[in-house]
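I opened this model to look up the ligand site, the pocket and a few backbone angles. My entries follow the order in which I looked.

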Amino acid sequence: MDITRIIKEVIRKQQAYSIEEQPCRIKLDANENPYTLTPSQQNRIFEHLKTISLNRYPDPGATDLKEQFAQYFGIDEDMLMLGNGSDELIQLLLTAFDSSSSGGVVIPVPTFAMYKISAVNTGHTVIEVPLNDQFDLDLENILDTMSQNKPHLIFLSYPNNPTGNLFDSGKIEKILMQTDGLVVVDEAYVDFSGKTFLPDFNRWDNLVILRTLSKVGFAAIRLGILIGKPSLVHELNKVRLPYNLNALSQAVGLFFHEYADELQKKIDRIILSRQHLFNELTDLEGIYPYHSDSNFILFSCAHDKNRVYSELLKRGIGIKNFTSPDSLRDCFRVTVGSDEENREFLEALRKILHQ
Ligand SMILES: Cc1ncc(COP(=O)(O)O)c(C=O)c1O
């Protein structure tokens, strides 16, 4: 029996999100934070984890964690939803929204791949609007699309992955003003941009903000945060699986606030290294980095890209190699690593370009 016959057609046509797990010494392909807590801070966390009863289900509502985050953001707890990474929250939004309505989901391209993948999986029509040549929103085109299609969801990564830049906030406000749909402003990289819509949250009825702990040094625990109106969070809670946040992640998440100062120092360091990495890339012939407000830099490469990529891999250095869409065909994305990692990457790249 061909079991795939009874799989939804949209899923059969879908490509699984491919995460290239190349074994590499220096991993600069996934926008992770190169730093982690000190060994003694980590040990404190691990000691605490020993007290967890592995035979018991976690707190289904992640009550303590929600309380901490509500205080941290200065909002009510009923405006918060925590997820198994913001990936899960993106999927929850798409599961709750009506995919049978003709409006569809608008995403600028290029952007974070999971918006489209999850939208397609949940049966939504996806309308892709190309960014302009500055990688900013093409407002006219988006407004036209909005008036023709009446989308019910618009995803905006702010700053945008993989281009690294912040979209013009005035354009986002115009979109918020003119759409009847929900605008999801994904602030996964907020710590590196310093720009957020959170202080203006109450100005808009149709704004949702996504955050994550993945980029500040806690990618392993998969903890995403959604900030939305209580009425929306109420509906989303019906779609959320019970116990979506496991007990170990909840426990580690509680340490986030305690170590916030330590984490901030590391973020400041990454921001400084980003500038240095950008300057060094600019000096290389045939390499053109784009401005970044994130913890990674997109750069185009006028050399044989496949050779550069595989030579880097041979030296144990992994970066992200884009083959699509067209606007990224010449591009790589490199995460800002530790000073030592950045130095090795630059040295290797210099050698490869001169070979
Ligand atoms: C824009 C954006 N949103 C969300 C995510 C996913 O974050 P999480 O690890 O919380 O699922 C990423 C991951 O790279 C991202 O780039």
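These entries take the ligand first, then the pocket, then the backbone.

**Ground rules.** I am working with a predicted model, in which local features need pLDDT of at least 70, side-chain atom pairs count only at pLDDT 80 or more, and totals for chains, interfaces and linings use all residues. Residues are numbered from 1 along each chain as its sequence is written, and side-chain values use heavy atoms, with hydrogens and water left out.

**Polar contacts.** I then listed pairs of N or O atoms within 3.5 Å. A side-chain N or O atom of T212 lies 2.6 Å from an oxygen atom of the ligand, a polar side-chain atom of N161 is 2.8 Å from a ligand oxygen, and a polar backbone atom of D87 is 3.0 Å from an oxygen atom of the ligand. The protein covers 93% of the 400 Å² of accessible area (Shrake-Rupley, 1.4 Å probe) that the ligand has on its own.

Where does the ligand sit? It sits in the largest pocket, by the criterion that more than half of its atoms lie within 2 Å of the grid points. A pocket here is an open set of points on a 1 Å grid over the protein atoms alone, where a 1.4 Å probe fits, with protein on both sides within 12 Å along at least five of seven lines, and lining residues have an atom within 4 Å of a point. I noted a volume of about 1500 Å³ for the largest pocket, the space filled by probe spheres set on the points, which are joined across faces, edges and corners. Of its 47 lining residues, Y17, F112, A113, M114 and K320 are the closest to the centre. Helix α5 gives the most to this lining, with 6 residues.

**Backbone.** I found a cis peptide bond from N161 to P162, with omega near 15°, and another cis bond from V109 to P110, with omega near 0°. P110 lies in the loop between β3 and α5.

Note on methods: Polar contact = N/O pair within 3.5 Å; in protein donor to acceptor, adjacent residues only side chain to side chain. Helix = DSSP H or I, 4+ residues; strand = E, 2+ residues; numbered from the N terminus.
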